[in-house]
Each structure stands twice: as C-alpha cells, then as structure tokens.
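Please look over the helix packing and the pocket in the model below. My notes follow as numbered points.

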Amino acid sequence: MQERIYIIFSENRLPHGKVFLVTEKEITTSAEVIAVRGFEDALVKVSELIMKNKGKEFVIDFNDAPMHLMLATLSAFILLNTNATVLFDDLQLTISDVSPLKIPLTSDHVEVIKAIGQGFTSVGSISRNTGIPATSVWRRLRELEEEGVIDNSRKLTYKGKLLLSIYKS
C-alpha cells in the first residue's frame, strides 16, 4: 500500500499519518506546517510538496479551508496532472473525477451519455434511441471510455454522472 499524504487546512482536523497543514497562521502542531502568504505562494509550495512526494497517495481535506487556499491547492494538483482524494463536508471525490476532458464534447457525445443514463448500453439500442448511426455511436462510446466518462461495461462513472447532470434537459 502506498504511503498516504494528508493535506489539511485546520489544526482541528489532524488525521493519523503524514500530515501537512497549509496555513497563513503561526501555530504549533504535530503536523508539518507549510506557511504560506496568499494564493501564489500556496500554489508554489503545494506544487513543491506534490513533486517531492510523486507516486504517493494524496488526501486533501478542504473542511475549514479558506477559499483562496482551496483554489491554490486544486490548481497545483490540476496543473501537475496529479490525482488526489478530496474531502469536503460529506463529499468525497478524486480530482480525476472533475478533470478536463481531452476531447471537446459534441452533441453526439451528450446524446450517448443521456442514453446510457436512461439504461441503454448496446450500440444498437443507443443508436435507435438517439438516431445516431451505429458506427458513430461505437466511436463515441470508445472516446467516452478513454475519457473516463463510462467504464468498460458502459456504465457512467462519477465523472459521467456529473456530465449527465450538467447536460440533462
């Protein structure tokens, strides 16, 4: 099992394990403190932490985090194309769940996502339901799987469910 690195923003939320506290306050704690002065400084220091710990599992607890430090931390992970589990209130997701797609979504992609959301999974059933030619449906399915929108059994991933929520209408 990989070593887990926790990034937190409040000394009130110390988990067990290797913990880095990102703060603009001067405090004494059992966590390793990353003292920052604003957005850009936080972005640089969190990026350095990511690069020093490449290959380790990251968990970011955004509860009690100031907004600019949340944005700086997310930006660092996205810019460095590094995944992490994000905790915020009752929500737990990974950065890859909300990472940008490498392809632009076309109306065909959206229609295929909607059809899968309605329970259609075969090329033929999606084609009949959407009116998109079967060969195009097959290509869209392959692209959506490569993007992590659907899994290999043609079920929507969390990222796919988020996209369905956005495009549902």
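1. H4 and H5 cross in a right-handed sense (the near helix is turned clockwise from the far one by less than a right angle). This is a predicted model, in which local features need pLDDT of at least 70, side-chain atom pairs count only at pLDDT 80 or more, and totals for chains, interfaces and linings use all residues. Residues are numbered from 1 along each chain as its sequence is written, and side-chain values use heavy atoms, with hydrogens and water left out.

2. Helix H4 covers residues 123–130 and helix H5 residues 134–146; their axes come within 9 Å and cross at roughly 115°. That makes H4 roughly perpendicular to H5 (angles of 65 to 115 degrees). Axes are lines fitted to C-alpha atoms over the stretch in contact, with angles from 0 to 180 degrees between N-to-C directions. Helices are DSSP runs of H or I with at least four residues, numbered from the N terminus.

3. On the H4 side, Val123, Ile126, Ser127 and Thr130 meet Ala134, Val137, Trp138 and Leu141 of H5 (contact means heavy atoms within 4.5 Å). The residues of this contact comprise six nonpolar, two polar and no charged. Ala, Val, Leu, Ile, Met, Phe, Trp, Tyr, Cys and Pro count as nonpolar, Asp, Glu, Lys and Arg as charged, and the others, Gly among them, as polar.

4. Helix H3 (residues 107–117) packs with H4 at an angle of about 110°, the axes being 10 Å apart. H3 and H4 are therefore roughly perpendicular to each other, and their crossing is right-handed. Glu111, Val112, Ala115 and Ile116 of H3 make the contact with Ile126, Asn129 and Thr130 of H4. By class there are four nonpolar, two polar and one charged residues.

5. The axes of H3 and helix H6 (residues 158–167) come within 10 Å and cross at roughly 105°, which makes H3 roughly perpendicular to H6. From H3, Val110, Ile113, Lys114 and Gly117 take part; from H6, Gly160, Leu163, Leu164 and Tyr167. The contact of H3 with H6 has five nonpolar, two polar and one charged residues.

6. Which residues line the largest pocket? They are Phe77, Ile78, Asn81, Thr82, Asn83, Ile95, Ser96, Ser99, Pro100, Lys102, Glu147 and Lys159. This lining has four nonpolar, five polar and three charged residues.

Terms used. Helices (H or I, at least four residues) and strands (E, at least two) are DSSP runs, numbered from the N terminus. Angles under 35 degrees count as roughly parallel, over 145 as roughly antiparallel, 65 to 115 as roughly perpendicular and the rest as oblique. On a 1 Å grid over the protein atoms alone, a cavity is a set of points where a 1.4 Å probe fits but cannot get out, and a pocket is an open set with protein on both sides within 12 Å along at least five of seven lines; lining residues have an atom within 4 Å of a point.
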